[in-house]
Amino acid sequence: MKRPALPLMLLILASIFLLFLLNLLLGSVHIPFGKIWELLWGTGAASNPDTMSNQEVIWSNILWKSRVPQALTALVAGAVSYTHLRAH
């Protein structure tokens, strides 16, 4: 008997999203979740870089130049690894 794949796929997608967010949140420099959200979506002070404080500019640089590339690299590496394993 075949199990439905949809619940498993939703669980995997939710896990990937959660782990991606955790990757952005955790690091040696603490950036509050609200600020990460603003920086990702360009809302609040992040919508106008001229009004950002020095701390927000530093957080923006950490997020966009370090954490987002690392998280995307991990995501792509995992997908490539999974694809390679499935092919053999």
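What volume does the largest pocket have? The largest pocket has a volume of about 220 Å³. A pocket here is an open set of points on a 1 Å grid over the protein atoms alone, with protein on both sides within 12 Å along at least five of seven lines. Grid points are joined across faces, edges and corners, and a volume is the space filled by probe spheres set on the points.

The model is predicted: local features need pLDDT of at least 70, side-chain atom pairs count only at pLDDT 80 or more, and totals for chains, interfaces and linings use all residues. Residues are numbered from 1 along each chain as its sequence is written, and side-chain values use heavy atoms, with hydrogens and water left out.

The chain contains three helices and zero strands, in the order α-α-α along the sequence. Helices (H or I, at least four residues) and strands (E, at least two) are DSSP runs, numbered from the N terminus. The radius of gyration of the chain, taken over C-alpha atoms, is 17 Å, whereas a compact globule of 88 residues would have one near 12 Å; the globule rule is 2.2 Å times the number of residues to the power 0.38. Along the principal axes, the C-alpha atoms fill a box of roughly 60 × 25 × 20 Å. Of the 88 residues, 16% are buried, where buried means under 20% relative accessible area, exposed over 50% and partly exposed in between (1.4 Å probe, protein chains only). Among contacts (heavy atoms within 4.5 Å) with a separation of 6 or more, 56% are between residues 24 or more positions apart.

The lining of the largest pocket consists of Ile16, Leu19, Phe20, Asn23, Ala71, Ala74, Leu75, Gly78, Ala79 and Tyr82; a lining residue has an atom within 4 Å of a point. By class, eight are nonpolar, two polar and none charged. In this scheme Ala, Val, Leu, Ile, Met, Phe, Trp, Tyr, Cys and Pro are nonpolar, Asp, Glu, Lys and Arg are charged, and the others, Gly among them, are polar.

The cavity has another lining. A cavity is a set of points where a 1.4 Å probe fits but cannot get out, and the whole structure has one of 30 Å³ or more. The largest cavity has a volume of about 40 Å³ and is lined by Lys35, Glu38, Leu39, Ala45, Ala46, Met52 and Glu56. H2 gives the most to this lining, with three residues. Four of the lining residues are nonpolar, none polar and three charged.

Side chains of opposite charge can pair when their charged atoms come close. With a salt bridge defined as a side-chain nitrogen of Lys or Arg within 4 Å of a carboxyl oxygen of Asp or Glu, the count is two. One joins Lys35 and Glu38, at 3.5 Å from N to O; both residues lie in helix H2 (residues 33-41), three residues apart, about one turn of the helix. The other joins Glu56 and Lys35, at 2.5 Å from N to O. This pair links distant parts of the chain, with Glu56 in helix H3 (residues 54-87) and Lys35 in helix H2, 21 residues apart. Through shared partners, the salt bridges join Lys35, Glu38 and Glu56 into one network.

Which of these residues are buried or partly exposed? Glu56 counts as buried because its relative accessibility is 11%. Lys35 counts as partly exposed at 23%, and Glu38 counts as partly exposed at 23%.
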